[in-house]
Amino acid sequence: MSIIRLIAALFFLMAAALAQDSYNQPWRPQYHFTPSHNFMNDPNGTVFYKGEYHLFYQFNPEGQVWGHMSWGHAVSTDMVHWQHLPLAIPEDPNYMIYSGSAVVDWHNSSGLCKNPDPKDHSCLIAVYAADYHQKREKTHIAYSNDRGRTWTNYSGNPVIDLDAEDFRDPYVFWYAPQKKWVLVAVLADHRKALFFSSTDLKHWTELSEFGPAGDDAGQWECPLLLELPIEGTKDTRWVLVINRNPGAPAGGTGVRYLIGHFDGTTFTEKESAGKKLWADYGKDFYATNTFNDMPKGDDRRIWIGWTSNWQYAKDEPTVLWRGAQSIPRTLKLQLWGDGLLMVQSPVRELHNLRGRPFHLSDLNVESANRAIAEAGINGETYEIEAELDPGSAREVGFRLRKGSGAETLVGIIPATKSLFVDRTRSGDVSWSKDFPGRYTTTLTDTKRVKLQIFVDRSSLEVFANCGEKVMTDRIYPPPGSTGIELYSTGGTAKVISLRYWPLQSIWGSGQ
């Protein structure tokens with residue numbers, strides 16, 4: 001090798017090492033969580049404990065594609081700004097660490113808590129699927145007595161062994177009416193959810209099973225069982241969340257949910273019977289996990305999801321890292337038309353990222369665009385709240401991350417009551433045949449449409465009509481694609497109101 005080529009190679013390696021520690025990279029999200037390096041997928045073990053939100057996640061410490069799965073770890077005081085911590089639960093020589101959940105064992109029901117404070121009997125318990133090399137998946141637990149900084153696998157693992165190849169993704173919660181722990185996991189290939197109970201997190205009794213609920217293909221993964229309030233009432237319903245791979249509306253992976261009742265033993269689908277309800281109609285929202293043990297006085301149910309799709313996750317054109325998490329979202333049930341929907345809204349903590357606002361109201365599209373241009377409104381990372389009146393237009397919406405022949409459309413078609421995201425011209429779309437496309441869902445009413453849109457360097461999340469429908473999609477625009485425009489075709493539309501905020505990076509200028 002010549003001296004010039006050697007110097008060039010060394011320079012490249014040095015630059016790569018610096019970039020690995022920097023969050024100011026092309027396409028690196030600025031307010032969505034990403035690993036510092038390597039491959040990440042499902043969020044795991046999301047829990048609040050002693051002033052910190054914990055985010056564990058499926059992580060490959062050895063490369064940029066799926067493999068050697070372990071639990072990565074980060075903590076936050078607000079679910080927005082995250083601090084990286086060392087690997088929490090590494091791959092074992094006999095098995096990989098698959099997805100699962102975490103809980104606070106407040107009263108040491110497990111007998112594994114050894115807190116030095118005699119008044120504090122609590123510790124963190126992680127519950128995960130161990131994927132053995134013999135093609136068997138079993139439920140394991142691990143415990144931490146130092147606020148999640150170090151973990152010990154329970155010596156009596158596995159705590160559940162069905163001698164099955166596809167038994168995975170345990171989600172655990174405390175069921176107060178019967179003073180017991182409840183666990184829901186799936187037989188993924190059989191499209192069944194299995195329910196278990198325990199008093200000590202170590203010995204489990206099978207209660208019932210549910211499924212396949214009309215699904216005749218694909219896998220069920222990452223189940224959740226949540227009791228959610230019905231807004232405006234004192235009632236609640238139970239929601240069984242099933243992450244589906246494949247079979248989602250936009251193709252590939254997605255999040256299905258069913259609404260019904262749970263009596264401590266059996267989940268019965270009622271309100272959603274005969275319907276296929278999805279949590280997100282974009283291409284990139286999967287493997288959801290909810291934060292257990294929220295702070296006292298905070299009764300929100302909040303979840304987070306992986307923003308990718310198994311159709312192309314290993315091929316995303318990022319450098320040094322792959323995979324991102326969504327913004328945290330609050331969940332509740334609302335009455336829409338003749339049934340219930342699970343609606344989502346961005347957590348209020350995101351308001352702390354807002355910069356100086358821009359506002360306009362009661363303008364046609366042409367006048368609104370003139371005001372946007374005169375104010376110099378553009379960017380890579382921002383939030384938009386808008387209310388649009390389509391009027392006589394056939395189509396109305398936004399052109400986002402516009403520039404150099406690229407744009408991502410977020411649009412409304414009144415005639416079909418459709419909401420869509422079109423990323424066919426969003427930038428680099430050539431790396432997977434399954435990536436480019438226009439993804440569509442329907443709204444109850446499009447006479448006036450409220451849109452809340454979060455745009456980051458390589459993603460957008462669209463909340464329509466206060467969370468009636470949500471769409472999440474990754475994008476890879478070329479440098480300089482910062483333009484923001486409204487558009488309408490085939491008639492006149494009006495911008496009732498528009499608010500724009502630039503959003504600050506959660507990583508700080510030094511990263």
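## The largest pocket

The largest pocket has a volume of about 650 Å³, where a pocket is, on a 1 Å grid over the protein atoms alone, an open set of points with protein on both sides within 12 Å along at least five of seven lines. Grid points are joined across faces, edges and corners, and the volume is the space filled by probe spheres set on the points. The model is predicted, so that local features need pLDDT of at least 70 and side-chain atom pairs count only at pLDDT 80 or more, while totals for chains, interfaces and linings use all residues. Residues are numbered from 1 along each chain as its sequence is written, and side-chain values use heavy atoms, with hydrogens and water left out.

Which residues lie nearest the centre of the largest pocket? They are F173, W174, N292, D293 and R301, out of 27 lining residues, a lining residue being one with an atom within 4 Å of a point. Two or more residues of the lining come from each of strand 5 (95-104), strand 9, strand 13 (219-229) and strand 14, and strand 13 gives the largest share, five residues. Strands (E, at least two residues) are DSSP runs, numbered from the N terminus.

## Enclosed cavities

Rolling a probe the size of a water molecule over the atoms shows where empty space is left. Three cavities of 30 Å³ or more are found in a search of the whole structure, a cavity being a set of points where a 1.4 Å probe fits but cannot get out. The largest cavity holds about 70 Å³ of space. Its lining consists of 14 residues, and those nearest its centre are G100, D169, C222, T288 and N289. Strand 1 (38-49), strand 5, strand 9, strand 13 and strand 18 are the elements that give two or more residues to this lining.

## Strand pairing

Strand 18 (residues 286-290) has five of its five residues buried, so this strand is largely enclosed by the rest of the structure; buried means under 20% relative accessible area, with a 1.4 Å probe and protein chains only. Strand 18 runs antiparallel to strand 19 and is joined to it by three bridges, and two strands count as paired if DSSP finds at least two bridges between them. Within this pairing, Y286 stands opposite W306 in strand 19.

Eight bridges connect strand 5 with strand 6 (residues 124-132), and the two run antiparallel; M96 has D131 in strand 6 as its bridge partner.

## Aromatic pairs and charges over rings

The whole structure contains 33 aromatic pairs, where rings of Phe, Tyr and Trp (its six-membered ring) pair if their centres lie within 6.5 Å, and planes under 30 degrees apart count as stacked, over 60 as edge-to-face and the rest as tilted. The pair of F173 and W238 has ring centres 5.9 Å apart and planes at 40 degrees, so this pair is tilted. F173 lies in strand 9 (residues 167-175) and W238 in strand 14 (residues 236-245), so the pair ties together parts that are 65 residues apart in sequence. Both F173 and W238 are buried.

Y312 and W431 form an edge-to-face pair, with 5.4 Å from centre to centre and 85 degrees between the planes. This pair links distant parts of the chain, 119 residues apart, with Y312 in the loop between strand 19 (301-306) and strand 20 (321-322) and W431 in the loop between strand 27 (418-422) and strand 28 (438-442). Y312 and W431 are both buried. Elsewhere, ring pairs join Y23, F33, Y57, F59, W82 and W507 into a cluster. The charged end of R329 sits over the ring of F285 at 4.0 Å from its centre, and R354 lies over the face of W501, 3.7 Å from the ring centre; the criterion is NZ of Lys or CZ of Arg within 6 Å of the ring centre and within 35 degrees of the ring normal.

## Two buried loop residues

S326 is found in the loop between strand 20 and strand 21 (329-336) and is buried, with a relative accessible area of 3%. Apart from neighbours within four places in sequence, S326 is in contact (heavy atoms within 4.5 Å) with H32, F285, I304, G305, T307 and E461.

D200, in the loop between strand 11 (192-198) and strand 12 (205-210), counts as buried at 14% relative accessibility. Not counting residues up to four places away in sequence, D200 touches S109, S110 and W181.

How values were computed
Helix = DSSP H or I, 4+ residues; strand = E, 2+ residues; numbered from the N terminus. Buried < 20%, exposed > 50% of the residue type's maximum accessible area, 1.4 Å probe, protein only.
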